[in-house]
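User: I have a structure open and would like to go through a few of its features with you. Could you take my questions one by one?

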Amino acid sequence: MEQQLEQIREQQKASWNKFSPGWKKWDDLTMDFLKPMGEEIIKLLNLKDNDIVLDVAAGTGEPGLTIASRMNGQGKVIITDLAEDMLEIARENATHRGIKNIETVACDVCELPFPDNTFDAISCRFGFMFFPDMQLAAHEMVRVLKPGGKIATSVWNIPEKNFWVTAIMGTINKNMVLPAPIPGAPGMFRCSGEGFMTNLFTQAGLKNVSQKEVMGKLNSQTTDTYWNMMTEIGAPIVAALSSADEPTKAKIKQEVYALVNQKYPDGKVIIDSSALVVYGEKP
């Protein structure tokens, strides 16, 4: 892997490990928020009870844990993530739910430590946007997939359909001059372009490629909960705010609250989101 990509990977690893306590704290809210995308992935994979499934970039364990919990036979889920601290939470969640047919492996998707043709199916919920080399990641997934195996992933749709991100990041960008990201660096909307993911899957050699929009709701209820959650799990948000002086920070917070309260005047902050779920099969 070239040096720049390796640098991005190490930054990602450090960031996800650092923010794992926040993800643990907000796990119930975030998993409820992301559930519709996980359910669509599971539906598309149409798994059998004895399938061996790889869940890539699983973070605190989803959708891998749900997949494992629904298997009645000899099936197993290998849950992977770059950040070992996130996988520790996944193992705790598995223990708490009495799920035993899982294994966790800390690894880089661009260098998967599995033989060719190992898995019946691969799930990857909101991972692709953060992979240093997305094409290499797709090729690696296809390599470890058995012929006839299926893969389903979700990525965020365009900013205009994801106010839950833009309310804060848009306000930060308006009030601060942030350093320009490295070209091709990970980002929330990196995969949202028309045909971007379907082309990526096709180039990786997958067939019967399809894409579907799936809506979700961030049920934060209050503006306080929304602000606290986003500023405890959102790495780019925390990074930006940590470099702002106190008056700027206060101004950003005030403007975000005003934006959210204007959009939800009844005080029930339930924010719509939009994702793309992309599917393909290995010939």
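User: How do the axes of helix 9 and helix 10 cross?
Analyst: This is a predicted model, and in it the axes of helix 9 (residues 223-233) and helix 10 (residues 235-242) come within 5 Å and cross at roughly 90°. Angles from 65 to 115 degrees count as roughly perpendicular, and therefore helix 9 and helix 10 are described as roughly perpendicular to each other.

User: Which residues make the contact?
Analyst: From helix 9 the contact involves Trp227, Met230, Thr231 and Ile233, while helix 10 contributes Ala235, Ile237, Val238 and Leu241.

User: And how many of those are nonpolar, polar or charged?
Analyst: In the contact of helix 9 with helix 10, seven residues are nonpolar and one is polar, with no charged residue taking part.

User: New topic: how many aromatic pairs does the whole structure have?
Analyst: A search of the whole structure gives eight aromatic pairs. One of them joins Phe33 and Trp164, whose ring centres are 5.0 Å apart and whose planes stand at 80°, so this pair counts as edge-to-face.

User: Where in the chain are Phe33 and Trp164?
Analyst: Phe33 belongs to helix 3 (residues 27-45) and Trp164 to helix 7 (residues 163-175), so the pair links distant parts of the chain, 131 residues apart.

User: Are those two buried or exposed?
Analyst: Phe33 counts as buried because its relative accessibility is 3%, and Trp164, with a relative accessible area of 7%, is buried as well.

User: Which residues form an aromatic cluster with them?
Analyst: Phe33 and Trp164 form one aromatic cluster together with Phe126 and Trp156.

User: What lies over the face of Phe163?
Analyst: That is Lys263, which is placed over the face of the Phe163 ring at 5.0 Å from the ring centre.

User: Let's switch to Gly64; where is it found, and what is it in contact with?
Analyst: Gly64 is found in helix 4 (residues 64-69), and it is buried, with a relative accessible area of 0%. Leaving aside neighbours within four places in sequence, Gly64 is in contact with Asp55, Val77 and Ile79.

User: Last one: is Asn93 buried or exposed?
Analyst: Asn93, which has its place in helix 5 (residues 84-97), has a relative accessible area of 18%, and because buried means under 20%, Asn93 counts as buried. Not counting residues up to four places away in sequence, Asn93 touches Asp27, Thr60 and Leu65.

Terms used
Residues are numbered from 1 along each chain as its sequence is written. This is a predicted model: local features need pLDDT of at least 70, side-chain atom pairs count only at pLDDT 80 or more; totals for chains, interfaces and linings use all residues. Side-chain values use heavy atoms; hydrogens and water are left out. Axes are lines fitted to C-alpha atoms, for helices over the stretch in contact, and angles run from 0 to 180 degrees between N-to-C directions. Helices (H or I, at least four residues) and strands (E, at least two) are DSSP runs, numbered from the N terminus. Angles under 35 degrees count as roughly parallel, over 145 as roughly antiparallel, 65 to 115 as roughly perpendicular and the rest as oblique. Contact means heavy atoms within 4.5 Å. Ala, Val, Leu, Ile, Met, Phe, Trp, Tyr, Cys and Pro count as nonpolar, Asp, Glu, Lys and Arg as charged, and the others, Gly among them, as polar. Rings of Phe, Tyr and Trp (its six-membered ring) pair if their centres lie within 6.5 Å; planes under 30 degrees apart count as stacked, over 60 as edge-to-face and the rest as tilted. Buried means under 20% relative accessible area, exposed over 50%, partly exposed in between (1.4 Å probe, protein chains only). A charge sits over a ring if NZ of Lys or CZ of Arg is within 6 Å of the ring centre and within 35 degrees of the ring normal.
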